[in-house]
Amino acid sequence: MAVKILWYLTTPDGPYPWEPEGRWKTDFEHLKQLAVASDRLGYYGSLLGSSPNESLAVCAALIDATQRLRFLVAQHPGELSPAVLAKWALTFDQFSNGRLLFNVVNGNDAGLAILGVHYPHDERYDFSLEYWRAFQNFYAGDTSGYDGKYVKLAPRSPAAASHPLGGWHPPKQKPGIPLWGAGTSGPGVAHSVQLLDVYLSFANTPPKLGEKFRKVAAEAAKIGRELTFGTRLQIIVRETEEEAWAHAEKLLQRTSLQTARTAIERQLPPGETLDSFHSDDPQIQRNVETIRAGRLPKARDLEIYPNVWLGPSLFGFNILGPAAGTYLVGSAEQVAERIREYEAQGTSAFILSGFPLIDEAHRVADLLFPLLDLDHGFDVPSLRAETPAPQRANAVERA
């Protein structure tokens with residue numbers, strides 16, 4: 001089984017952007033250079049996650065700058081009418097030759113309320129299922145409308161659908177736009193196995209992540225569906241193990257004690273404080289006690305499995321356990337071995353990032369790609385041999 005490697009496409013960037021002094025002031029030209037780099041280096045796609053910018057607008061603006069890169073766009077149900085989103089997707093796919101993917105995000109109560117979606121937690125999944133079914137129907141060319149509990153769309157008349165000014169583009173991707181997403185609660189898993197093509201999870205150790213994926217696969221099998229699985233990881237890959245861990249230590253020492261304390265407080269159970277918290281895991285407890293004493297742990301103190309590290313990142317400093325900020329750290333051979341271990345546990349897609357984003361995208365492609373069996377739909381070594389390396393971003397300033 002080959003793997004897909006995606007890179008992160010976002011505005012916050014810099015050598016350690018989770019701290020103000022390590023963050024650059026970036027602009028659209030920087031985003032474009034990052035997209036061009038990811039495209040020419042041979043990544044399968046890029047994830048456009050949360051940022052100050054509207055992801056649909058960003059990826060549309062990058063169509064002409066890229067040739068093969070797919071755009072995995074985070075989308076909440078209810079932000080747009082499913083019919084509007086379908087027309088947007090048909091247009092994007094027509095102009096990009098079918099390079100759109102959607103990351104189905106169901107969000108939280110407060111965030112969705114801002115967007116005008118006010119369903120309770122479990123009911124959100126029922127609404128989401130109808131929303132994406134309606135979207136899929138419209139994208140596929142169904143003109144009969146949609147009559148659900150939450151989503152009601154009138155039919156399109158055959159005359160309007162065939163008129164040069166009223167018709168829509170035909171679907172470029174068949175059977176439809178691939179849907180990626182996550183969901184860990186009972187209703188979240190039930191929603192995922194009915195809807196998704198690629199089930200995503202934050203990283204854990206390979207055995208624990210594999211166990212989670214097997215449980216989800218078993219639920220999908222009950223309704224006759226098969227999913228593929230992906231995960232999200234930060235990465236530090238270097239020519240040697242020593243270089244990789246030296247860089248991890250450097251990032252850790254540039255992280256403030258306050259950042260670490262705040263990160264722990266976000267992860268604590270309700271009613272707990274940093275001073276009252278106790279973990280039954282001796283490694284976690286030692287690291288918490290080190291931070292209580294006013295010091296940061298050493299980098300290797302945060303390694304929870306060979307090459308799996310709970311270091312600081314823009315996406316969290318998950319000292320109490322693996323989550324959005326989990327890293328792979330090591331030599332190219334070690335990281336490739338760990339990816340193959342994840343692959344053996346069912347993971348076939350990896351959404352990676354490292355900072356600065358363009359520099360680390362080059363390192364991963366140069367060091368890691370030759371060691372992996374890639375499922376990108378094109379010959380990555382030939383592509384990289386034929387295209388010049390893009391210039392690094394030169395229009396960034398210190399914040």
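1. Aromatic pairs. Across the whole structure, a search identifies 23 aromatic pairs. Rings of Phe, Tyr and Trp (its six-membered ring) pair if their centres lie within 6.5 Å, with planes under 30 degrees apart counted as stacked, over 60 as edge-to-face and the rest as tilted. Tyr 131 and Trp 132 make an edge-to-face pair, with 5.4 Å centre to centre and 80° between the planes. Both Tyr 131 and Trp 132 are buried, where buried means under 20% relative accessible area, exposed over 50% and partly exposed in between (1.4 Å probe, protein chains only).

2. Basis of the model. This is a predicted model, in which local features need pLDDT of at least 70 and side-chain atom pairs count only at pLDDT 80 or more, while totals for chains, interfaces and linings use all residues. Residues are numbered from 1 along each chain as its sequence is written, and side-chain values use heavy atoms, with hydrogens and water left out.

3. Tyr 342 counts as buried because its relative accessibility is 0%; Phe 350 is buried, with a relative accessible area of 0%. One aromatic cluster is formed by Phe 102, Tyr 119, Phe 127, Tyr 131, Trp 132, Phe 135, Tyr 139 and Tyr 150.

4. Lys 4. Lys 4 lies over the face of Tyr 44, at 5.4 Å from the ring centre. A charge sits over a ring if NZ of Lys or CZ of Arg is within 6 Å of the ring centre and within 35 degrees of the ring normal. Lys 4 also forms a salt bridge with Asp 375, with the closest N and O atoms 2.7 Å apart; a salt bridge is a side-chain nitrogen of Lys or Arg within 4 Å of a carboxyl oxygen of Asp or Glu. This pair links distant parts of the chain, 371 residues apart: Lys 4 belongs to strand β1 (residues 4–8), and Asp 375 to the loop between α13 (357–367) and α14 (380–386). Helices (H or I, at least four residues) and strands (E, at least two) are DSSP runs, numbered from the N terminus. Asp 375 counts as partly exposed, at 33% relative accessibility.

5. Other salt bridges. The search of the whole structure finds 10 salt bridges. In one of them, Glu 29 pairs with Lys 32, the closest N and O atoms being 3.7 Å apart. Both residues lie in helix α1 (residues 28–41), 3 residues apart, about one turn of the helix. Glu 29 is partly exposed at 37% relative accessible area, and Lys 32 is partly exposed at 27%. Arg 238, Glu 360 and Arg 363 are linked in a network of salt bridges.

6. Arg 300. The charged end of Arg 300 sits over the ring of Trp 245, 4.2 Å from its centre. The side chain of Arg 300 also meets that of Glu 303 in a salt bridge (3.1 Å, N to O). Glu 303 is buried, with a relative accessible area of 18%, whereas Arg 300 is partly exposed, with 41%.
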